[in-house]
Amino acid sequence: MSRQRVVNPEEKFPTVPGTVFLFRSCTGSLEYPGTENAVKETLASLGIQALMDPDQTCCSGYLLTCSAHKPEVSLAITARNLSLVEKKDLDTYTFCNGCYGYLSELSHIMMHNPAYLQMANDLIARWGYRYEGKTRIYHVQEMWYRLRETIGEKVVRPLSGLKVGVHYGCHYLAKQYGILDDGGYPTFHEEIVEILGATPVFYKERQLCCGYAVGRGFTHREETVQPHLFKKLTSARDAGVELITTVCPGCNVALDREQPHLGKRYGADLKIPVIDLSQLIALAMGVPPQKLGFEANTIPLDVVLKKLGL
Amino acid sequence: MEAALRIAQAGFHAVLVEKEPELGGTLRDLHSSFPRWENPRELIDHRVGLLTKSRRVTIRTQTAVTSSARQKKGFRVSLKSLRNENEDELDVDAVVLTTGFELMDVSVYGEYGYGIYPGVMTSLEFEGQLKKWAQSTREIAADAPRGVALIQCVGSRDRSKGNPYCSKICCMYTAKQAGLVKDLFPDTRVYVFYMDYRASGKEYEEFVRQVIEEKHVRYIRGRPAKVLPEDGRLLVRAEDTLMGIPVEVAVDMVILASAIVPRPGTRLLAGMFGARTDEYGFIESELHEPVRSADRVFFAGGCGFAIETTGALNQGASAAAGVIALFNEDR
Amino acid sequence: MPRERYRDRDENLYATVDAYHLVENLEHCLQCGKCAGICPVASLSPSYNPRQIISDVLSGSTSRWLKSEEIWRCFWCAGCYTLCPVDIHFPLLMMQLRYLAVASLHGLKYIVPFKRFALRAREDGLTFAPGSAKGRERIMGIRGGIGLTPWPEVSEKAREEYRALFDMTGSTEYLDRIREEEDRPLELTYLEGRITGV
């Protein structure tokens with residue numbers, strides 16, 4: 001046992017920042033824009049200002065892992081994006097497991113391989129950028145857990161009776177070291193769900209991947225990803241899950257948009273809406289559903305919203 | 001106990017300081033032993049008998065060492081009774097540390113569900129269950145689990161969450177426990193999930209083969225990935241690496257052969273006598289002196305590293321030899 | 001299964017594969033099988049087994065993985081890395097195996113679907129932009145309706161620099177060179193000699 005694996009949230013955030021850099025997620029912006037709203041609303045109600053920057057580009061991680069380009073460009077892009085944050089002297093907050101995973105991994109590679117850091121900085125220097133590794137990379141789910149008690153106090157619409165199945169996704173827990181759980185049996189999302197007044201359901205395939213990462217959702221959709229998602233979603237359905245939460249727009253695309261296709265292929269009745277954990281928090285804190293962009297969801301939210309009296 | 005007996009037999013005086021109300025350490029918790037399926041109780045009683053009879057042995061149970069001061073040729077040891085809080089001091093010419101071991105806290109292995117699912121327990125806890133079943137006066141057939149999975153190397157040979165070393169005795173005691181379940185409940189399915197089974201000792205290999213071939217315990221080579229609950233049972237997901245097939249085995253109890261670690265008090269105690277401990281808290285020996293850790297300080301048994309009963313007895317005798325040689329020199 | 005001769009193996013394969021030095025602890029592998037035990041793909045594809053792929057790389061064999069279908073199946077869920085008792089980052093190994101396969105023109109069919117998508121991302125500074133005009137209209141409508149800018153704000157400067165980085169690192173060239181016609185056939189190489197169908 002060398003490095004510390006699990007960090008408790010108070011250690012991670014000894015003080016709560018007043019301003020954070022919110023890293024734009026492409027999938028978030030272009031598939032589920034309501035998630036971005038939910039994150040901003042939740043941060044605002046917790047007294048945290050979220051800054052975004054039009055100079056920020058895609059993290060490039062998805063296509064990197066699809067083998068569509070080589071690491072060199074992603075290292076340079078990461079260095080460029082993070083240097084933008086460093087210029088503002090802020091920490092980087094993502095709301096997508098994908099962005100989180102790629103930024104963390106690529107910055108880790110640069111911090112431990114001076115040659116790569118040098119290569120990246122040489123490329124971005126022409127525009128006056130320089131990455132130093134100072135900005136820390138977080139995912140907003142960590143802040144939600146850190147401030148879960150405050151969130152609890154701000155719940156105006158407890159989600160009583162709602163059976164929620166949580167989906168952690170893979171790329172946050174895959175970091176393994178210096179995060180809130182080592183991935184063996186995480187419970188920190190369920191704790192938040194309880195604080196919001198809803199009932200967490202521990203379904204059998206709770207910790208199964210969404211299958212869409214690294215482009216397998218396109219290249220191997222019928223072969224492996226659909227049977228795989230079928231296992232996960234039926235496990236949730238059979239356990240009585242009424243709503244699934246994610247912390248990654250990528251996972252959201254997989255779990256949400258594939259359901260009708262699974263229904264057709266397997267003749268199964270699958271209609272579990274899938275939303276971001278931030279959207280669930282925002283609902284409980286009184287943010288009107290109209291601001292949360294549920295029109296973007298494939299599986300509609302009406303049954304759930306009706307149950308909550310919205 | 002072995003060290004004290006040998007020291008007394010050689011004509012010197014030994015004081016046995018034991019924290020618990022009874023002598024014997026972990027051996028007291030065991031139901032059976034390998035490789036001869038003996039009763040550990042008999043082993044303890046035999047020695048305790050000899051120790052109690054000896055005029056040169058003082059047994060101080062429920063007593064703890066609070067501090068120690070090195071003197072010219074020995075130590076002044078401060079003791080405290082855990083029964084009545086009385087304190088006293090003892091002047092000794094040598095010390096033998098035999099504080100034994102305990103099992104690692106395996107709740108860090110969330111994937112195995114220790115502390116989450118009631119059917120998941122450590123090997124030591126299971127030994128207690130085996131004892132209860134074996135000594136029960138009522139009919140226990142109804143208690144029989146339909147399936148038991150024993151998982152080896154939980155916290156051992158693990159550089160990520162556990163300890164990199166091998167805890168040496170688990171392959172043997174796991175085979176023992178698996179065999180005992182089959183003796184108690186022949187219809188119960190018993191599976192041992194292993195990486196390698198280590199049976200290096202006299203009659204050890206034959207013991208494990210007997211458990212596999214005659215008691216019909218099924219050995220699956222693969223370190224389990226996860227334990228999941230389903231329909232009131234527990235599913236163990238692993239890969240059968242010899243077949244290259246991922247498997248899911250339904251059982252009712254999952255026994256974790258947890259890594260052997262030194263008790264936290266060992267490091268403190270060692271410090272009191274100037275003995276060194278390694279990064280894990282096991283007592284370190286000196287060059288050319290396998291059972292001596294510092295001047296006039298010897299050690300034996302599990303506090304030095306994971307070891308089986310015969311090994312501990314031999315080390316005890318070896319430590320005693322060291323003490324006796326020292327005392328002869330002193331004269 | 002015919003006997004494989006060890007003298008046909010490449011002692012330096014590990015070093016070649018791990019060109020980016022991302023998986024330096026591969027020899028720590030205990031072949032314990034925890035990775036294959038949790039792997040969602042292994043439980044779906046009978047011949048996909050991360051543990052066996054590691055074994056092949058360490059023993060210097062390319063006969064299977066290089067032209068295999070199998071290496072393209074990993075989801076990168078990192079369940080293997082999460083559980084591995086010696087912290088081998090298997091997905092990063094997989095990524096590097098894929099680059100080597102592509103270099104010898106195997107597996108292009110799994111990258112071609114992303115070619116247009118990637119070239120579009122290179123222009124937008126954003127990935128996942130809808131390909132059709134209808135798609136673009138729809139998302140812009142939703143975004144506007146909830147108070148966001150119809151299109152995510154990515155500055156002209158950002159897009160220029162993003163594009164330039166692609167060009168400077170040879171990534172644009174890499175994409176241009178990927179042509180469907182050159183793709184060499186893949187097989188389920190790990191199926192040979194295995195039991196299939198449970």
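Which strands of chain B does helix 6 lie across, and at what angle does helix 6 run to strand 6? The model shown is predicted.

**Figure 1. A three-stranded open sheet in chain B.** The strands follow the order 6-18-17, and their pairing is mixed. Strand 6, residues 95–97, and strand 17, residues 292–294, are the edge strands of this sheet in chain B, each pairing on one side only. From one strand to the next, the twist averages 35°.

**Figure 2. The pairing of strands 17 and 18 in chain B.** Strand 18 of chain B spans residues 297–299 and pairs with strand 17 of chain B in the antiparallel sense, over two bridges. Within this part of the sheet, Phe298(B) of strand 18 is the residue opposite Arg292(B).

**Figure 3. Helices 6 and 7 against the sheet of chain B.** Helix 6 of chain B, formed by residues 264–273, lies across strand 6, strand 17 and strand 18 of chain B. Its direction is at about 165° to strand 6 of chain B. Helix 7 of chain B, residues 309–330, lies across strand 6 and strand 18 of chain B. The angle between helix 7 and strand 18 of chain B is about 160°.

**Figure 4. The contact between chain C and chain A.** Chain C contributes 57 residues to this contact and chain A contributes 70 residues. About 5,700 Å² is buried between chain C and chain A, and carbon and sulfur atoms give 67% of that area. On the side of chain C, the residues that lose the most area to chain A are Tyr20(C), Phe75(C) and Phe128(C), which together account for 13% of what that side buries.

Figure 5. Two salt bridges are found across the interface of chain C and chain A. Arg80(A) and Glu161(C) form a salt bridge in which the closest N and O atoms are 2.7 Å apart. Across the interface of chain C and chain A, 19 residue pairs are in polar contact, with both residues at pLDDT 80 or more. Several helices of chain C each supply at least two residues of the side that touches chain A, among them helix 5 (90–103), helix 6 (112–124), helix 7 (133–145) and helix 8 (156–168). Helix 8 of chain C gives the largest share of that side, eight residues. By class, the side of chain C that touches chain A comprises 40 nonpolar, nine polar and eight charged residues.

**Figure 6. The contact between chain B and chain A.** Here 15 residues come from chain B and nine residues from chain A. The two chains bury about 1,100 Å² between them, with 43% of it on carbon and sulfur atoms. Four salt bridges are counted between chain B and chain A. Arg237(B) and Glu205(A) meet through their side chains in a salt bridge, at 2.8 Å from N to O. Seven residue pairs, both residues at pLDDT 80 or more, are in polar contact across the interface of chain B and chain A. Strand 12 (226–230) and strand 13 (233–240) of chain B each supply at least two residues of the side of chain B that touches chain A. Strand 12 of chain B gives the most to that side, with three residues. The side of chain B that touches chain A divides into five nonpolar, three polar and seven charged residues.

Definitions and conventions. Residues are numbered from 1 along each chain as its sequence is written. Chains are lettered from A and ligands numbered from 1 in the order in which they are written. Side-chain values use heavy atoms; hydrogens and water are left out. Two strands pair if DSSP finds at least two bridges between them. Helices (H or I, at least four residues) and strands (E, at least two) are DSSP runs, numbered from the N terminus. Axes are lines fitted to C-alpha atoms, for helices over the stretch in contact, and angles run from 0 to 180 degrees between N-to-C directions. Contact means heavy atoms within 4.5 Å. Buried area is the accessible area (1.4 Å probe) that two parts lose on being put together, summed over both. A polar contact is a pair of N or O atoms within 3.5 Å; within protein, one must be able to donate a hydrogen and the other to accept it, and residues adjacent in sequence count only if both atoms are side-chain atoms. Ala, Val, Leu, Ile, Met, Phe, Trp, Tyr, Cys and Pro count as nonpolar, Asp, Glu, Lys and Arg as charged, and the others, Gly among them, as polar.
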